[in-house]
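Subject: Structure handover

Hello,

Please find the structure we spoke about below.

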Amino acid sequence: MTLASRLFHRTGLVALLGAAVLGLGCAKKVTPPPPPKQEAPPPARPTVTLQANPTTINKGESSTLTWNSTDATQLSIDPGVGTVTAEGSTKVSPTDSTTYTITATGPGGSATATAAVSVNAPPPPPPKPEPSIDELWAREVQDAFFDFDKADIRADARTALAQTAEFFKAHPSVKATIEGHCDERGSTEYNLGLGDRRAAAVKQYLVSLGVSASQLNTVSFGKEKPFCMEHNETCWQQNRRGHLVKAN
Amino acid sequence: MLKSATRCAGLFFFTAVVLLTGRCASGQDWFRTGTGLGQAKPRLAIADFAARSDAAKPHATLFTQVVRDDLQFSGILDLASPSFYPSEVPTVPSELKAPAWVAQPTNANYVGFGNLTESPSEVTIQAWLFDVRNPSSQPVVGKVYRGGPTDLQVRKYAHEFADEIISKLSGGLPSVAQTQIAFVRSTGNGNKEIWVMDYDGANQHQLTNLHSIALTPRWAPDGSRIAFTCFAPYKGINSPQICMYSIDTGKVISFPRFAGTNITPAWSPDGAQIIFSSSMQGNPELYVCDVNCNRPKRLTPSNGANMSPVWNPKTGQTIAFVSDRGGTPQLYLMNADGTGATKIDLPEKGYVIDPAWSPNGQLLAFSWRRPSDDYDIYVMDAASRQLVELTRDQGRNERPSWAPDGRHIVFESTRTGVGTRQIWTMLADGSQPHQLTFTGHNESPNWSTH
């Protein structure tokens, strides 16, 4: 094919195409078709994913929930998290194994996804130990209080010493010192004698309730070791006592 | 009315007693004798002792002051105020111009004077007392003291010189200038230790170091030991025990331990026996034993608490003590073998504690809390039961102990503040109260017997 013939050939194609286009345009103008109906495509259904990392925790630890969504206008994670944004992450610390559900809602409907976080149960607590002797002592052994210048066991002291006696009878290996104390009003010397009789009265009463005398030792401190240092009756009453001290 | 009349009369009589203690056979006598007494006390002037060098000046001042304080304290003489003295002061007898001291305003009967020489290793003190109304006579006292140039030594010499003067002017009455007072000091951590000080409060120092509670020190009659009550747990026994401190060795020496509460030791007049309160058999009773206390013998049979025994220092026959066998603590007397216990009746009830015999065995000092009052010190004539109140409205006053001169009493008082006990002395008529301790809590003073 010569150059001239190829030019002709191409020109001829263009002409033909132009004629065709013109021919069509003329045809529509002639009979306009009805306008196409504007029908919107159906909205996409939301999609959502939810993952937990790690999926297993110990009690007290946390796991991270991560989610992604499309075509959702509202997302919420249950239980406990609530409304969230389209994508994100949050930490959760469930106390028990929990399946989290994310619900994505949009114009196209709703979708859900779930992620489970399992929580290892803590090791069972060691069985509660029996209370120690010291704990029992603190709970059950009570001091006896006295009236001014008296070494008689009062009614309230009888109640206190009854409980105290039960402790000693239940724990015959426990030994105690009964300290006799006095308030500051008497003399140093007289109070040493009075404290001696208070301690002896407490011992005698406990023995009368069945406590072994060999468990109980006595000492008088008179007014030398007061519990309370003020100069009033409230304080003096605190200082007039038979005070039990564990000796072993 | 009766009470106050007794008190006033007692105070008046008592001033006389103070002068006559030791001369009268019985308490009844001294009350009667006292009313007729018109004798004036001798009047003394103690000139400033001269320092022979600048180095001796502080000790010259100290010596002069201690002598004056001792004489003032004695209560048996009048000390002319130094501001009345002539300007020319003798330093040796040849310089004494007697008429100037006899003249008003000094108006002295006796003049003391002398001088001090001091080197780094020694102080020498020459000291005289002259009767300026008999200027040609020999010195009443003439002494030379030589020793280490310390405050303590100079104080000791001053006390010795004052003792000489008091002995000469009183016709041999014992003086207290060289005596000491044992007491209990609490150091703030709850511990109480036995301390001792000179009678004037100087030279306070700690004796025991038990890190515990020590109470009720009592000098042995010869001054070689102090018996006291101590809490010093040992081999499972933590109750109070009788403890013994040796002045000679500076140590606590062994003493038998007993079950129960063992407190308030006291000495027999000859120092051979100890009496104390013990609940070793259950109830606080009085026991007596020799100084080794091998077999204590029980003296009291009672249901009450018995403590604070004191042996009559003159007769050795009577023991005063405290017992609440009648309900509240009261004073009792009994024979030294435990027989014949009788209660001392007082005009009112209340609490009666801390008996202390005067050296002549005629007077009992004690503390008494009357029903509407605080503890106060009283003195009673043991024979006539006449009573004198020595303290009043001055806090709580307890634990009197007599000076060996029978004219002074040391005691503890809260008068400087509630809850703060300090040690004071006074004349045995209640006059001239003088505070000896100022730091910490101090209690339970006991005056050495010589």
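**Helix packing in chain A**

In chain A, helix 3 (residues 155-170) packs against helix 4 (residues 188-208) at an angle of about 65 degrees, and their axes are 9 Å apart. Please keep in mind that this is a predicted model. The crossing of helix 3 and helix 4 of chain A is right-handed. On the helix 3 side of chain A the residues involved are Leu161(A), Thr164(A), Ala165(A) and Phe168(A), and they meet Val202(A), Tyr205(A) and Leu206(A) of helix 4 of chain A. By residue class, this contact of helix 3 with helix 4 of chain A has six nonpolar residues, one polar and no charged.

Helix 3 of chain A also packs with helix 2 (residues 133-140) of chain A: the two axes come within 9 Å and cross at roughly 160 degrees. Because of that angle, helix 2 of chain A counts as roughly antiparallel to helix 3 of chain A. Here, too, a handedness is assigned: helix 2 of chain A passes helix 3 of chain A in a right-handed crossing. Leu136(A), Trp137(A) and Glu140(A) of helix 2 of chain A meet Gln163(A), Thr164(A), Glu166(A) and Phe167(A) of helix 3 of chain A. The residues of this contact between helix 2 and helix 3 of chain A split into three nonpolar, two polar and two charged.

**Domains and sheet of chain A**

Chain A is divided into domain 1 (47-120) and domain 2 (133-246). The centres of domain 1 and domain 2 of chain A, taken over C-alpha atoms, are separated by 66 Å.

Chain A has an open sheet of five strands in the order 2-8-7-4-5, and the pairing is mixed. Strand 2 (56-58) and strand 5 (82-84) of chain A are at the edges with a single partner strand each, so one side of each has no neighbour in the sheet. On average, and with direction ignored, neighbouring strands of this sheet are turned by 30 degrees against each other.

Two of the pairings in this sheet involve strand 7 (residues 98-106) of chain A. Strand 4 (residues 74-78) of chain A runs antiparallel to strand 7 of chain A, and five bridges join them. Gln74(A) has Thr105(A) in strand 7 of chain A as its bridge partner. Strand 7 of chain A is also joined to strand 8 (residues 109-120) of chain A, antiparallel, by nine bridges. Strand 7 and strand 8 of chain A form a hairpin with two residues between them. In strand 8 of chain A, Ala116(A) is the bridge partner of Thr99(A), and Ser110(A) is the bridge partner of Thr105(A).

**Chain B**

Helix 3 (residues 57-74) of chain B packs with helix 5 (residues 151-170) of chain B at an angle of about 40 degrees, with 8 Å between the axes. Because of this angle, helix 3 of chain B is oblique to helix 5 of chain B. Helix 3 of chain B passes helix 5 of chain B in a right-handed crossing. Residues in the contact include Leu62(B), Phe63(B), Val66(B) and Asp70(B) of helix 3 of chain B, and Val154(B), Arg155(B), Phe161(B) and Ile165(B) of helix 5 of chain B. The contact of helix 3 with helix 5 of chain B divides into 12 nonpolar, three polar and three charged residues.

Chain B also has an open sheet of four strands in the order 26-27-28-29, with antiparallel pairing. Its edge strands are strand 26 (397-402) and strand 29 (434-435) of chain B, each pairing on one side only. Strand 26 of chain B pairs with strand 27 (residues 408-413) of chain B in the antiparallel sense over four bridges. Val410(B) in strand 27 of chain B is the bridge partner of Ser401(B).

**Contact between the chains**

27 residues of chain B are in contact with 17 residues of chain A. On the chain B side, the elements that give two or more residues are strand 10 (213-219), strand 14 (262-267), strand 18 (306-311) and strand 22 (351-357) of chain B. The chain B residues that touch chain A comprise 12 nonpolar, 13 polar and two charged.

Regards

Conventions. Residues numbered from 1 in each chain as written. Chains lettered and ligands numbered in written order. Predicted model: local features only at pLDDT ≥ 70, side-chain atom pairs only at ≥ 80, totals over all residues. Contact = placed C-beta atoms within 7 Å. Nonpolar A, V, L, I, M, F, W, Y, C, P; charged D, E, K, R; others polar. Axes fitted to C-alpha atoms, helices over the stretch in contact; angles between N-to-C directions. Parallel < 35°, antiparallel > 145°, perpendicular 65-115°, else oblique. Left-handed = near helix turned anticlockwise from the far one by under 90°. Domains from an automatic or database assignment. Pairing = 2+ DSSP bridges.
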